[in-house]
Amino acid sequence: MPQATPRSSLLGARPSPFLLAGAFLTGMLLFVHGGCGGDERDCRNATDCRYDNGAPDEGKEWACEEQRCVQHPVQQPPPDAGTDAGTPDAGAPDAGTPDAGSPDAGRPDAGAPDSGPTTVSMQILAFNDFHGQLEQPSGQVLAGVAPDGGPVRVNAGGVTYFARHIAALRATNPNTVVVAAGDLIGASPLLSGLFHDEPTIEAMNLIGLDLVAVGNHEFDEGSTELLRMQAGGCHPVDGCLDGDGFAGAKFKFLAANVATGVDRTLFPRYDIREFEGVKVAFIGMTLEETPASVIASGVEGLTFKDEVQTVNALVPELRQQGIEAIIVVVHQGGVATPGSLVNDCKGAGADGLISGAIVGLVKGLNDAVDVVVSGHTHQAYNCVIDGKVVTSASSMGQLVTDIDLTLSKATGDVVAARANNVIVTRDVQEVGAVKELVTKYQELATPLANRVIGWVAQTLRNQSDSLGQSTLGLVIADSQLETTKPANLGGAHVAFMNPGGVRADIAQGEVTYGEAFTAQPFGNSLVTMTLTGAQIDGVLEQQWRPSGATLMLLPSAGFTYSFSASAPVGSRVDPASIRINGVTVDPAANYRVTANNYIASGSDGFSVFTEGTNRLTGAMDVDAMETYLKARSSAANPLPAPALNRVTRLP
């Protein structure tokens, strides 16, 4: 059974002093997989023993001798065991060993079974939800508890420091693979988003990222643009804005459950790495619900398949290739208890562990899966679920998960695994090449980012109240209404903003273009359409889902309505309460309604928008914000924060 053990035992072997500061972070997990059955059955190899007899005793592994299953002690490799670090041939035999093409390559001499280690040590460095965060993110990471019981928080993140932590961890084991569990790009700050996330791809090339499972935000600009991220080439409309071309990703995107046809996927389903003769498979996937969270045109022609079924169908294929060590990298996640440490697994789920979609997903996976690297929820956790190590590294490059695996040379399986979420502290030397890259794009972006476009009297918050209203979200909706109100630009009566598109506060005082871009970084265009009053009511009803989930839209000024929280889903809004500038909306009358192209295409579950007619596509959302602030604010008269009074809750 998996069990937690002190992480400090591993840190003692780490040469980098700054990593030792994380020794107080607990969460090393050790597990051994097994099947069931008796030991009297004949065997052909050690794999038969594992599946017929279950897990061996602690510290031992199965072997098949004279068609009988026996157990031998696991021999740990010496500290310097492994292959040449950082070279294209990492994982191949060292010079002087049998030729890689010979039958004995990578194995001890057949006549000397005790001449070498029986296991291989490898390391996975994992992260998720980077979202193009090249500069230092705001906020701190909870690192521990002080002697007085108070929280210990540290600054974390920034790609130049992230690169140093990755390099230092990689140096501890030549058998290292660096993976990301989706949303590497998309919803990015201006420094990356302004250049269509090319800077993030280039930074990850420098860092040495190996594999990325696609996330939903990888599709923000559509699958064709995502393919460009892999293959390279300039943007079809904007060209290469940095002036020096774009070579694409040196790492591989994986998309096992994103189908383009029968037995065809957008990217490879998995990648196989070999370490000292032992093969390890990495399956990459995104969440099945991706089409509901991206623009419909961006995923046209793609089918997003069930994650569990996808993995389980691949297991026999991998085993036919002699692969027993299987790692799933998936953009789906769980929810931990607020205030948990980065290596905790506490939550509202069974046995006090994390909750969320990842739990059911993991429990449904074939027992052949050893490790699940997850993401999507921007949470930090370090768990063992159903005998599998399950990790997540928060978001924005604030953590790196260090997963150490011991592989059996006899069976090819994982016999031990240890995981640790390492905080990306800023008390280390920045990586020069990465810093130069960031500086280059800062110099290109700064003139645009620092341009003042308005003033606000109070900080505009993206945090919603109990009715789903936020001051920033309402201002964005107001800007979209004002931009599309002229008859030649749409003739809009009302605008709706989706809360997921509001990503960051705008601080009191001067508002720069960079701040406005960071607040709504998706580059969505505005769509004005005709809906009847009854259809507007239908849109509002779709805010409450049969599942119990709620997603409240942010309406523009002049639009008000009331809802009853106790009424059945589908009948919560009182049609008589829906008013535009104080006038009750007529269910049979036509109204011009503006929404960004994300929800206008039916995303986030607002399918009624797709029924809109006479659709007119207009300005970009951030441009609408700039125009609105310039017209409505000045240094002497900054824009006040709107009152949160557009939605009323009834009993």
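**Close-up views of a predicted model**

**View 1. Helix H4 passes helix H10 in a right-handed crossing.** The model shown here is predicted. H4 covers residues 159-170, and H10 covers residues 432-449. The two helices pack at an angle of about 160°. Their axes lie 9 Å apart. Because of that angle, H4 is roughly antiparallel to H10; the cut-off for this term is over 145 degrees.

View 2. H4 contributes Val159, Thr160 and Ala163. From H10 come Val434, Lys435 and Val438.

**View 3. The largest nonpolar core has 73 residues.** Leu184, Phe219 and Phe253 have the most contacts inside this core. In soluble globular proteins, nonpolar side chains tend to be buried together.

**View 4. Phe253 and its contacts beyond four places in sequence.** Phe253 touches Ile201, Val212, Val214, Glu218 and Leu226, among others. Met229, Gln230, Phe267 and Pro268 are also in contact with Phe253.

**View 5. A second, separate core has 30 residues.** Among them are Leu531, Leu540, Tyr561 and Ile580.

**View 6. The whole chain, for orientation, has 651 residues.** Of these, 54% are buried. The chain holds 15 helices and 32 strands. Take the contacts between residues at least 6 apart in sequence: 71% of them join residues at least 24 apart.

How values were computed:
Residues are numbered from 1 along each chain as its sequence is written. This is a predicted model: local features need pLDDT of at least 70, side-chain atom pairs count only at pLDDT 80 or more; totals for chains, interfaces and linings use all residues. Side-chain values use heavy atoms; hydrogens and water are left out. Axes are lines fitted to C-alpha atoms, for helices over the stretch in contact, and angles run from 0 to 180 degrees between N-to-C directions. Helices (H or I, at least four residues) and strands (E, at least two) are DSSP runs, numbered from the N terminus. Angles under 35 degrees count as roughly parallel, over 145 as roughly antiparallel, 65 to 115 as roughly perpendicular and the rest as oblique. A crossing is left-handed if the near helix is turned anticlockwise from the far one by less than a right angle, and right-handed if clockwise. Contact means heavy atoms within 4.5 Å. A nonpolar core is a set of buried Ala, Val, Leu, Ile, Met, Phe, Trp, Tyr and Cys residues joined through side-chain atoms within 4.5 Å. Buried means under 20% relative accessible area, exposed over 50%, partly exposed in between (1.4 Å probe, protein chains only).
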